Amino acid sequence: MSGLFLPWVTRNARSRSVARALSMFSVKRFDGSAAASGSNDGAGDGAPARNVDRIAAINRQMPAPAPKRVQPVAGKVKSSTSKKQQATSKTKAKERYLKAKKERRKARQKAMPAANKRKKVDASQEDEVQELAQAAVEEGNKGQGKGEEVTSSSSTSSSSSSSSPSSSSSSSSSSSGSSSDSDSDSDSDAEGSSAEEVESQRPVESENKMDVDEPEGLSRLPAPRQTEWGSKADLALQGLPQGLTRPTLVDPELRSSVKANTEEGKGDLDLVSAPMRSRLEKLGVSEWFAVQTSVIPMLLSHPTAYSLYPSPPPSDLCVSAPTGSGKTLAYAVPIVEVLRRRICIRLRALIVLPTRDLVNQVRETMQGVCKGSGLSIASVTGQQSFAQEQALLVNLAEGQQRRKNIAGLVSSSATISEEPSAHTEGENTSKVDILIATPGRLIDHLDATPGFTLQHLRFLVIDEADRLLGQSFQEWLPRILDALDPRKTMQASKDDASAPAWLRRSISKTTGVRLGTFGEEEDRDPSSSPVQKLLFSATLTRDPAKILALDLRDARFVSVQQGASSGSFVSREESFALPSTLHEHYLVVPSSDKPLHLFALLRPAPGADREALRSVLCFTKSVESASRLVKLVELFEEERAAIRRRNLEEKEAALNVQVYSSELGPGQRMRMLDEFRNGQVDVLVCSDVISRGIDLPHVRHVVSYDVAVDMAKHVHRIGRTARAGKRGDAWTLVEEHEAWYFKRMQRRGSASADERLDKVKMDKAQLETAVYRVL
Ligand SMILES: Nc1ncnc2c1ncn2[C@@H]1O[C@H](COP(=O)(O)OP(=O)(O)OP(=O)(O)O)[C@@H](O)[C@H]1O
């Protein structure tokens, strides 16, 4: 049944708000099964079975329909006359062929020596079978040439059917019926089956259907296959630096005290200064996490680590560590430790992040760590006007003023002609030591902010590197690399903290006095950039093309993952490590029952053996789905409250469910995150806009209402909980037709998927009770 048909909604006086909400979901269809169950259940309004169907009918509008494979129709329509003609012509051809074949064999046997005769008989029988099949095919092709339709050769003989392609398809078509039950497949394979077994369990129904109907003579194109990651050797061959093919593996359980190690001699982490330690302790950091324990010494123990223009420059570093494992401090602490010794302000550290929210978050962390160091920090994301950001970055007014003052001091003949333009790098008037930026806005400033330069950069951090390296807008990466290249910014490489280059030249010309420089500016090697590049992500992939584009120097790769200490790490090159405190559950559900399952998680039936989920971050596939889901949950809540009132049950607080989306203004987004942090919002529904990097320590549960499109996205989503060693639970609602793909994604994307994943089953009673209490 199609068209707008919602009899139960209009009949049910109690559900006027349901009808209102439904009209918002623009319900266009109410299919026969739901209507039938609504009218046949014989129960009054609010009967459980009927309500389940009603909700299912609402939800039918929510998920996008799964794409269907188009079945080829060629070769399907066959007239019975042509089939008979074909069968007759084939039989005759076969007879003719057999006769000729028999005669040939006899002649051969006569000519053969006696000893060989017995062996050859067997072989010739096999030949015969093959030639029979060949003859049948040839005959069929002749028929095709005459405009006859070709039928499957499986009908000709049992032996030939085993070798002909069409017969194999017919046998697989019979098996497709049994293999089509993807749900039962997903139910049964949770324990202990290998990745290969998963491959063999792939639902083959649609493929085999296509085989059955394919016209003979057309060879099928190979099925698309996902690119496999190469072995270490393969990666190395593709030009990946050696250091990246051999990761330094770090046990995620590794910890060390932030307090200075006074008893057992100096440890690597004792390189961290006392003021920094006390600062961290004030921030609640008493021990270093694994990624910090390994990365901080790597960055601070190099002989030239504290130099602003290290020569030789230290190695670049790529770090992959689970979500919530403390990667931000792993780079923030060494940066502040090195830069706190600087004398004059230059832009020395640039941290690039993919979103404004992440920039704000990292800026706050940096400000916390920097406090008392004298370093200045700024961020540019486009949230402020361009002019405001420029005013934060460079001190143009001061630079212009200085030029004016100097013009008065130095003789006019010597200075005015040499005075560089306001854009000259030599007149660096940076107001910040550390800049945190989104790539687009950074490029805008490189283009249009006079005096803004990256030539003094000591650290370039690319956080969420795999995501950023996948973005090419404004050619941000090559532009940054160009801005770092000293050969391209040579002109201003020897400026001075107190006197710009043009002034030094002018003064030495007129007075003969050579002005000194602060620090190591004079000694820096103009052919190589002092910048150390640091890449971080929980899902850092070593895609050679992207890595090579970064022009890394002697790069090393640190990977924090389970099994590293025991040596049991196997070379699953691109598998992602997950926090050990994360518990992952999934529910295989019919698409139409997804809201019911979510609601049953939020409002479990009385007596259910699990607690209601609160502090939930819920991911949907789009902003639109997020808004609709929020409306649906609100509707459930309204009805639930109404029933409780009528039943004189105790009043209970309604769930506060909100949408968080990029469509909200920056202020609204910040407010909403604050409310969520404070516990005012119970469920925050969002698309993948905050799946990466956002640190909301109180998030106890993550629900993937729609399955993530790939494992990397899944890892970032579920990584919003179980952070900093706390327990967290992730729940994924998997539609029946997605079950196989979900499991394959899990097994390919992370080791120990089978042990980790907990399959949750909700019986109908649990769902019905939940719904009964709603409507
Ligand atoms: N040594 C530590 N002791 C206690 N808390 C820490 C420590 N290091 C980091 N944290 C806290 O852990 C949380 C997660 O840190 P952070 O955001 O740096 O994780 P991450 O590895 O960058 O995660 P993601 O990959 O999701 O971005 C933060 O709240 C941070 O304050």
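Asp729 is buried in this predicted model, with a relative accessible area of 2%, where buried means under 20% relative accessible area, exposed over 50% and partly exposed in between (1.4 Å probe, protein chains only). Asp729 forms a salt bridge with Arg727, and the closest N and O atoms are 2.8 Å apart; a salt bridge is a side-chain nitrogen of Lys or Arg within 4 Å of a carboxyl oxygen of Asp or Glu. Elsewhere, salt bridges that share partners join Arg603, Glu637, Arg640, Arg644, Glu649 and Glu652 into one network.

Residues are numbered from 1 along each chain as its sequence is written, and side-chain values use heavy atoms, with hydrogens and water left out. Because the model is predicted, local features need pLDDT of at least 70 and side-chain atom pairs count only at pLDDT 80 or more, while totals for chains, interfaces and linings use all residues.

The whole structure contains 22 salt bridges. In one of these, Arg603 pairs with Glu637, the closest N and O atoms being 2.6 Å apart. This pair links distant parts of the chain, 34 residues apart: Arg603 sits in the loop between helix 26 and strand 12 (616-619), and Glu637 belongs to helix 27 (residues 623-646). Helices (H or I, at least four residues) and strands (E, at least two) are DSSP runs, numbered from the N terminus. Both Arg603 and Glu637 are buried. A further salt bridge joins Arg340 to Glu337, with 3.0 Å between the closest N and O atoms. Here Arg340 counts as partly exposed, at 24% relative accessibility, whereas Glu337 counts as buried, at 2%.

Turning to the overall picture, the protein has 32 helices and 17 strands. Of its 775 residues, 49% are buried. The protein exposes about 36,800 Å², and carbon and sulfur atoms supply 52% of that area; accessible areas come from the Shrake-Rupley method with a 1.4 Å probe, and for residues only the protein chains shown count as cover. Among contacts between residues at least 6 apart in sequence, 81% join residues at least 24 apart, contact meaning heavy atoms within 4.5 Å.

Two helices illustrate the burial. Helix 26 (residues 594-602) has nine of its nine residues buried, so it is largely enclosed by the rest of the structure. The buried residues of helix 26 include Lys594, His597 and Phe599. Helix 30 (residues 739-749) is mostly covered, with nine of its eleven residues buried; among them are Trp740, Phe742, Lys743 and Arg744.

The ligand is surrounded by 18 residues, the closest being Glu287, Lys327, Thr328, Asp695 and Arg723; a residue is near a molecule or strand if one of its heavy atoms lies within 4 Å of it. A backbone N or O atom of Glu287 lies 2.7 Å from a nitrogen atom of the ligand. On the side-chain side, an N or O atom of Thr328 is 2.7 Å from a ligand oxygen atom, and a polar side-chain atom of Glu464 lies 3.5 Å from an oxygen atom of the ligand. Of the 640 Å² of accessible area that the ligand has on its own, the protein covers 84%.

Arg720 is buried yet has no salt bridge, and Glu464, the nearest side chain of opposite charge, is 5.7 Å away; Lys and Arg count as positive and Asp and Glu as negative, while His and the chain ends are not counted. Arg720 is placed in the loop between helix 29 (711-718) and strand 16 (728-735). A polar atom of the Arg720 side chain lies 2.9 Å from the backbone oxygen of Ser691. Beyond its neighbours within four places in sequence, Arg720 is in contact with residues including Thr323, Leu617, Phe619 and Val702.

Two further sites bring together separate stretches of sequence. Val659, in strand 13 (residues 657-660), is 33 residues from Ala626 in sequence and 6.3 Å from it in space, C-alpha to C-alpha. Pro241 lies in the loop between helix 12 (232-237) and helix 13 (242-245) and is partly exposed, with a relative accessible area of 25%. Pro241 and Arg556 are 315 residues apart in sequence and 8.4 Å apart in space, C-alpha to C-alpha. Not counting residues up to four places away in sequence, Pro241 touches Ile547 and Leu548.

How values were computed:
A polar contact is a pair of N or O atoms within 3.5 Å; within protein, one must be able to donate a hydrogen and the other to accept it, and residues adjacent in sequence count only if both atoms are side-chain atoms.
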